[in-house]
Amino acid sequence: MNMTFKIDIDRRKVEAIRCYMPDGNIEDLLNEEISKAAENVVNRLYSKTVPKKVQEYLRKSAEIKTDSKKKTEQVNE
């Protein structure tokens, strides 16, 4: 799922990073790090707020869906 967030970033710091990583793609690196941080926050909130029984149900549902997809792929091969 893609979500849009407004994040205030100090442009001076980004430009300093560019100076020391002139060959790196700063935007991709920032996107990767921000995505990791956002995933960690979502996981913490999920663990803290979603009831354990619901978490277990969602986990089992995902396993069933994955198993079903694997079986379908094997049949189609």
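So, Asn40: you'll find that one in helix H2. Keep in mind that what you're looking at is a predicted model. Is Asn40 buried, exposed or partly exposed? It counts as partly exposed, because its relative accessibility is 44%, and that sits between the 20% cut-off for buried and the 50% cut-off for exposed. Now look back along the chain to Asp23. Asn40 and Asp23 are 17 residues apart along the chain, and their C-alpha atoms are separated by 28 Å.

Let's stay with H2 and bring in its partner. Helix H1 covers residues 11–20, and H2 covers residues 26–49. As for handedness, the crossing of H1 and H2 is right-handed.

Which residues make that contact? From H1 you have Val14, Ile17 and Arg18, and from H2 you have Ile26, Glu27 and Leu30. Sort the residues of this H1 and H2 contact by type and you get four nonpolar, two charged and no polar.

Lys6 is exposed, with a relative accessible area of 73%. The side chain of Lys6 has a polar contact of 2.8 Å with the side chain of Asp8. And if you compare Lys6 with Ile34, they're 28 residues apart in sequence, with 12 Å between their C-alpha atoms.

Okay, over to the other end of H2. Val50 is in the loop between H2 and H3. With a relative accessible area of 21%, Val50 is partly exposed, given that buried means under 20%. Leaving out residues up to four places away in sequence, what does Val50 touch? Leu45 and Gln55. For a sense of distance, Val50 and Glu77 are 27 residues apart along the chain, and their C-alpha atoms are 39 Å from each other.

That takes us to Gln55, which belongs to helix H3, residues 52–76. Gln55 is buried, at a relative accessible area of 14%. Where does its side chain go? The Gln55 side chain reaches the backbone oxygen of Tyr46, at 3.3 Å. Setting aside neighbours within four places in sequence, Gln55 is in contact with Tyr46, Ser47 and Val50.

That's my tour, folks. Over to you.

Notes: Residues are numbered from 1 along each chain as its sequence is written. This is a predicted model: local features need pLDDT of at least 70, side-chain atom pairs count only at pLDDT 80 or more; totals for chains, interfaces and linings use all residues. Side-chain values use heavy atoms; hydrogens and water are left out. Axes are lines fitted to C-alpha atoms, for helices over the stretch in contact, and angles run from 0 to 180 degrees between N-to-C directions. Helices (H or I, at least four residues) and strands (E, at least two) are DSSP runs, numbered from the N terminus. A crossing is left-handed if the near helix is turned anticlockwise from the far one by less than a right angle, and right-handed if clockwise. Contact means heavy atoms within 4.5 Å. Ala, Val, Leu, Ile, Met, Phe, Trp, Tyr, Cys and Pro count as nonpolar, Asp, Glu, Lys and Arg as charged, and the others, Gly among them, as polar. Buried means under 20% relative accessible area, exposed over 50%, partly exposed in between (1.4 Å probe, protein chains only). A polar contact is a pair of N or O atoms within 3.5 Å; within protein, one must be able to donate a hydrogen and the other to accept it, and residues adjacent in sequence count only if both atoms are side-chain atoms.
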